[in-house]
Amino acid sequence: MEIINSGDSMTVMLSGELDHHSFKSMRGVIDAQIETHTPKLLILDFEGVKFMDSSGIGLILGRRRITEGFGGTVRIKNAGGYVEKLINLAGLSSMIMKQENKLKL
């Protein structure tokens, strides 16, 4: 996991397996950074996540609760395949950032 703070935004680049074993340690680190930097936009980047169970949904919801508590927003980036399906099943698809089409005709 890597955390990048840039102005009013924070990007958390998740990687590996996001399950109940890794959840607790990730949660503590992310929450400490959120409370220190109070980002207006928190981006959870799932590009490096190879597996996720319901703990990943808990991670998203908990960070949203904290961030929205001080007026911030959470968005999900690079969720694909199985991870995206879980996010959609949990009713969180509105949090997924849409990829911009960079092709100009």
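Here is a short tour of the structure, one selection at a time.

Before you click anything, know that this is a predicted model: local features need pLDDT of at least 70, side-chain atom pairs count only at pLDDT 80 or more, and totals for chains, interfaces and linings use all residues. Residues are numbered from 1 along each chain as its sequence is written, and side-chain values use heavy atoms, with hydrogens and water left out.

**Stop 1: the sheet**

Turn on the cartoon view and pick out the strands. Helices (H or I, at least four residues) and strands (E, at least two) are DSSP runs, numbered from the N terminus. Four strands make an open sheet in the order β1-β2-β3-β4, with mixed pairing. Strands β1 and β4 (73-77) sit at the edges with a single partner strand each, so one side of each has no neighbour in the sheet. On average, neighbouring strands here are turned by 20 degrees against each other, direction ignored. For angles like this, axes are lines fitted to C-alpha atoms, for helices over the stretch in contact, and angles run from 0 to 180 degrees between N-to-C directions.

Now select β1 and β2. They run antiparallel and are joined by five bridges; two strands pair if DSSP finds at least two bridges between them. Find I4, whose bridge partner in β2 is T11. The two strands form a hairpin with two residues between them, and G7 in the turn has a positive phi of about 60 degrees.

**Stop 2: β3, β4 and the helices on the sheet**

Move over to β3 and β4, which run parallel and are joined by five bridges. Here L42 has V74 of β4 as its bridge partner. Helix α2 packs on the sheet and touches β2, β3 and β4, its direction making about 175 degrees with that of β3. Touching means contact, that is, heavy atoms within 4.5 Å. Helix α3 (residues 81-89) also packs on the sheet, touching β3 and β4, with a direction about 125 degrees from that of β3.

**Stop 3: helix α1**

Select residues 20-37. At 1.5 Å a residue, the 18 residues of helix α1 should span 26 Å, and the end C-alpha atoms are 26 Å apart, which agrees. (The expected span is 1.5 Å times one less than the number of residues.) Look for a bend of about 25 degrees at M26, taken as the angle between axes fitted to the seven residues ending there and the seven starting there.

Which residues of α1 are buried? Colour S22, F23, M26, I30, D31 and I34. Buried means under 20% relative accessible area, exposed over 50%, and partly exposed in between (1.4 Å probe, protein chains only). These buried residues pack against β1 (2-6), β2 (9-18), β3 (41-52) and α2 (54-69).

**Stop 4: two loop residues**

Go to T38, in the loop between α1 and β3. Its phi is near 35 degrees, a positive value in a residue other than glycine. Most residues other than glycine have a negative phi. At 40% relative accessibility, T38 counts as partly exposed.

Next, click N78 in the loop between β4 and α3. N78 is not a glycine either, yet has a positive phi of about 60 degrees. With 26% relative accessibility, N78 counts as partly exposed.

**Last stop: S54**

Finish at S54 in helix α2. Is S54 buried or exposed? At 60% relative accessibility, S54 counts as exposed. Draw a line from S54 to I30: they are 24 residues apart in sequence and 18 Å apart in space, C-alpha to C-alpha.
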